[in-house]
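Reader: Hey, I've got a structure to get my head around. Can we go through it together?

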Amino acid sequence: MGLHFHRFRSRLVVVFLGLFALIQATGYVAVSAFVRASARHTVDEELRLASTLFARQLEVRTQQLVAATRLLSGDFALKTAVATSDHATTASVLENHRRRVDADVLMLAALDGHIVADTQGPARRGAEFPAPRLLAEAEAGRDASDVVAIGRHLYQLAVVPVLAPEPIAWLAAGFAIDDRTAADLRRLSGLQVSFVTGHDAGVVVHASTLGAADRATLARGVAGARASGVLDLDGGEHLVRVEPVGRDAVVVLQRPLAEALAPYDRMLLILLTVAAAGVVLALLGAVLVARRVSRPVLTLARGARRVAAGDFDVAVSVSQRDELGELAATFNDMVGGLRERERVRDELERTAKLKRFFSPQLADALSAGDESLLASHRRHITVVFCDLRGFTAFAEAADPEDVMRLLHAYHATIGPLVFAQEGTLERFTGDGLMVFFNDPVPCPDPAARAVRMAVAMRDAVAGLLEEWRRRGHALGFGTGIAMGDATIGRIGFEGRFDYAAIGTVTNLSARLCQEARDGQILVSEPVYAEVEALVEAKPVGALPLRGFARPVTVFDVLGLRTEPAAPAAGEVTP
Amino acid sequence: MRRALVALALAAALALLVPNPAVTEPGGVEAIVKDERGKPVADAVVSLTAAGAPAPLPRAAAVMDQQNKEFVPFVLPVAVGTPVTFPNRDNIRHHVYSFSPAKRFELPLYIGTPAAPVVFDKPGSAVLGCNIHDWMVGHVYVLATPYFAKTSPEGRARIAEIAPGAYEARVWHPRLKTETERTTTPVTVAAGEPAEVAFAVALKPDRRPIRRPAYEGAQGN
């Protein structure tokens, strides 16, 4: 049970914490994605700007190159050397002029497109000019320049005609685009710079700021798609922008994403710390809330356990004013109800027990806790004594079983009659019985009740005795009724108490009972005075009774008047 | 104006130097040169060669002016052996040169008329340039025949005072796409009315690499 509630609490904590962590994680992921996208965008923009810058720079360089080449082509000595087919001199002039403009290569091509002289060496003489398209463009009178691969090297090449004054040859000047160029651009832009030509499998990385391994990756990546994208190079993901710098050549700009993300990393770290702190706080909060919720539940559970064990003396104290507080209050009410029911049941049980030994009135009073009834007091009561005539002889002669059977039947017959008239059964004495009225519960007509009870008993016992008489047992039933004050209260000692009425009235009724013959109900004069209107009676006369100084006037009640009419005066004389 | 003078001089030279057996009744050729689109072609040189023995060539001097930083005329047809003078009419120097196989020469920076004329002693075309004015281009077309004339802006050229007979007519132009030899057209010259020869030629686009700057044109006369 306890484990279950612990699980409940843990579950509460887990759910609460899980939700919080989920929210935090969602937030973090969203921010992270946003930051990443933003960084990517920034890098993209940087790359775009850089590529625009490069393109412009290259354009300017091209213009300078074209201008320089045109200047060189105008040199008369060069023209002379070319026109006179003095190849050695031409080559020498080219080398000289290359140094003048600090170009990396100078080539002279004949009008038919074959190289006449080349500063890269005399071996190239007679070879095909590497960029015939440029010659065509120059012939068409346009500025002819391009980024051209010559072998493994990449050059920015410009071609102008050598005019004398009509074209007699083509002069080409080139600046090398090499790793140094790329490094210069990297210093300028902070980007990784590579120059690449070719398509598909023929991709060549001519110049780059990258290492050898990354060059290979780059070549593969560029071969895949000639567009911007992401390449996984040494140092993580790189955003890539590919920008054409010539007909066949492209400049590939890369920037590591991590570099762009670096400023955001700190922010994300802070975010993460805040999220972690939030989770810890949420954990504490969740535990507190869970405890707050589960503590009253546990208290209730403890209370319920005690109730289950039969202890109704339980009141859970939950101070909360929420549903749990309401639940606790309801629980307390329920337990209170149970307690009350238990109390009533106990009382009923106790009363039932008492009733077996006391009159219902006394039993009720006692079970109600009214001990004052037992206190000694005087009361005007009507006392009925009755017993069986010839019972002593019968008890000696008959089987004990028969004796008990008779007593049982006898008591079973008269007991209900006592209760019917709400008499207080003071005691059994074997065949004898003492009942009094008007105590402990007062009643308006104690004498009438006593007489009615006595008549009913006599009639009932008569039937019972008839059977026994037929079996040869001489048994009779006599009753005495007296009225007067008596001292009533608890008598006896600790462990055995009786509720007893003591006084002349008790003695008198006992004597009258002794005097009564079978079937007689002898009542004292005061009793008769009370019930005169109710009963048919005949005077018996004044009887001398032991213990009484003077004879007592006694009447024998024959029966109840069938019509309880107003008593006729003078019919019964006292 | 100048061209007219030159033409006159040529005519005079022809008249003086060429002994013509059929002088009594000379004929002529009226040539018209058009390009592929039918537009008249100026500055084309139309020439005739007789089927027989080579005709004697005129020896009269010719002139290629440098005027207002241009060669005038743009095209100067001359017979083989013609001495050509290069008078500089501008108030700045010029540096005339030719690297053409027909005549390779150089007149380094000079003012006025160089003392010695340049004798063009081989047939063919010589492209003239000026080392200090890239846009200056001139052509001296050297012919091995005395019968030639240059087309007018209307594309017309008249070769007069020639003996009747069978000739081969050819045309040359600085931007001619084909060899001149391939323009050879037979023509028969009769006495009286000149024979008509029409050429339709394909020309390269006119692409002078460096044009004369506008301010240069404003100078001189």
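Reader: How many helices and strands are in chain B?

Author: Chain B has two helices and 17 strands. Helices (H or I, at least four residues) and strands (E, at least two) are DSSP runs, numbered from the N terminus. A heads-up on the source: this is a predicted model, where local features need pLDDT of at least 70, side-chain atom pairs count only at pLDDT 80 or more, and totals for chains, interfaces and linings use all residues. Residues are numbered from 1 along each chain as its sequence is written, while chains are lettered from A and ligands numbered from 1 in the order in which they are written.

Reader: And what does chain A have?

Author: Chain A has 14 helices and 18 strands.

Reader: OK, where do the chains touch? How many residues of chain A are in contact with chain B?

Author: Eleven residues of chain A contact nine residues of chain B. Contact here is C-beta atoms, placed from the backbone, within 7 Å.

Reader: Which elements of chain A give two or more residues to that side?

Author: Helix H2 (76-83) and strand S4 (153-163) of chain A do. H2(A) gives the largest share, three residues.

Reader: What classes of residue are on that side of chain A?

Author: Seven nonpolar, two polar and two charged. Nonpolar covers Ala, Val, Leu, Ile, Met, Phe, Trp, Tyr, Cys and Pro; charged is Asp, Glu, Lys and Arg; the others, Gly among them, are polar.

Reader: Back to S4(A): how many of its residues are buried?

Author: Ten of the eleven residues in S4(A) are buried.

Reader: Which strands does S4(A) pair with?

Author: S3(A), residues 144-150, runs antiparallel to S4(A) with seven bridges. S5(A), residues 167-177, is also antiparallel to S4(A), over ten bridges. Pairing takes at least two bridges found by DSSP between the strands. As examples, A:Val148 has A:Tyr155 of S4(A) as its bridge partner, and A:Ala158 has A:Ala173 of S5(A).

Reader: What links S4(A) to S5(A)?

Author: A hairpin with three residues joins S4(A) to S5(A). The hairpin of S3(A) and S4(A) has two residues between the strands, and A:Gly151 there takes a positive phi near 65°.

Reader: Switching to helices: how do H11(A) and H12(A) sit?

Author: The axes of H11(A), residues 400-420, and H12(A), residues 446-470, come within 9 Å and cross at roughly 160°. Axes are lines fitted to C-alpha atoms, for helices over the stretch in contact, with angles from 0 to 180 degrees between N-to-C directions. H11(A) and H12(A) are therefore roughly antiparallel (angles over 145 degrees; under 35 is roughly parallel, 65 to 115 roughly perpendicular, the rest oblique).

Reader: What kinds of residue make the contact of H11(A) with H12(A)?

Author: 13 nonpolar, one polar and no charged.

Reader: Last one: what's the strand order in the open sheet of chain B?

Author: The order is S14-S1-S17, three strands with mixed pairing. S14(B) and S17(B) stand at the edges with a single partner strand each, so one side of each is left without a neighbour in the sheet. S1(B), residues 27-35, pairs with S17(B) in the parallel sense over seven bridges.

Note on methods:
Contact = placed C-beta atoms within 7 Å. Buried ≥ 20, exposed ≤ 12 C-beta atoms within 10 Å, placed from the backbone.
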